[in-house]
Amino acid sequence: MNLSLEQLRTLLAAADSGSFSAAARQLGKAQSVVSSAIANLEADLDLGLFDRSGRYPQLTPAGE
């Protein structure tokens with residue numbers, strides 16, 4: 001599978017900013033677009049990249 005540059009930018013923004021909302025502001029997108037992009041990436045890779053059990057998403061070992 002080939003990852004797109006946009007998918008990688010979204011993943012990096014979410015990881016660096018600490019939240020999907022902050023990543024969305026950084027990227028100039030809606031929060032729902034970032035959340036969907038991350039969920040689609042996780043589905044494509046068949047990996048959980050973020051642990052969403054807390055208030056803020058945390059990278060999993062696979063996400064790191």
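**Salt bridges and nonpolar core**

Glutamate 6 is partly exposed, at a relative accessible area of 33% (buried is under 20%, exposed over 50%, partly exposed in between, with a 1.4 Å probe and protein chains only). The model is predicted: local features need pLDDT of at least 70, side-chain atom pairs count only at pLDDT 80 or more, and totals for chains, interfaces and linings use all residues. Residues are numbered from 1 along each chain as its sequence is written, and side-chain values use heavy atoms, with hydrogens and water left out.

Three salt bridges were counted (a side-chain nitrogen of Lys or Arg within 4 Å of a carboxyl oxygen of Asp or Glu). Glutamate 6 pairs with lysine 29 in one of them, at 2.9 Å from N to O. Helices (H or I, at least four residues) and strands (E, at least two) are DSSP runs, numbered from the N terminus. Lysine 29 is partly exposed, with a relative accessible area of 34%.

Glutamate 6 also forms a salt bridge with arginine 9, at 4.0 Å from N to O. Both residues lie in helix α1 (residues 5-17). They are three residues apart, about one turn of the helix. Arginine 9 is partly exposed, at 46% relative accessibility.

Glutamate 42 and arginine 52 form a salt bridge, with their closest N and O atoms 2.9 Å apart. This pair links distant parts of the chain, ten residues apart. Glutamate 42 is in helix α3, and arginine 52 is in the loop between β1 (50-51) and β2 (58-59). Glutamate 42 is buried, at 11% relative accessible area. Arginine 52 is partly exposed, at 40%.

The largest nonpolar core has eleven residues (a set of buried Ala, Val, Leu, Ile, Met, Phe, Trp, Tyr and Cys residues joined through side-chain atoms within 4.5 Å). The members are Leu11, Ala13, Ala14, Phe20, Ala23, Ala24, Val34, Ile38, Leu41, Leu49 and Phe50. Helices α1, α2 and α3 are the elements that give two or more residues to this core. In soluble globular proteins, nonpolar side chains tend to be buried together.

Leucine 49 is one of the core residues. Neighbours within four places in sequence aside, leucine 49 is in contact (heavy atoms within 4.5 Å) with Leu11, Leu41, Glu42, Gln58, Leu59, Thr60, Ala62 and Gly63.
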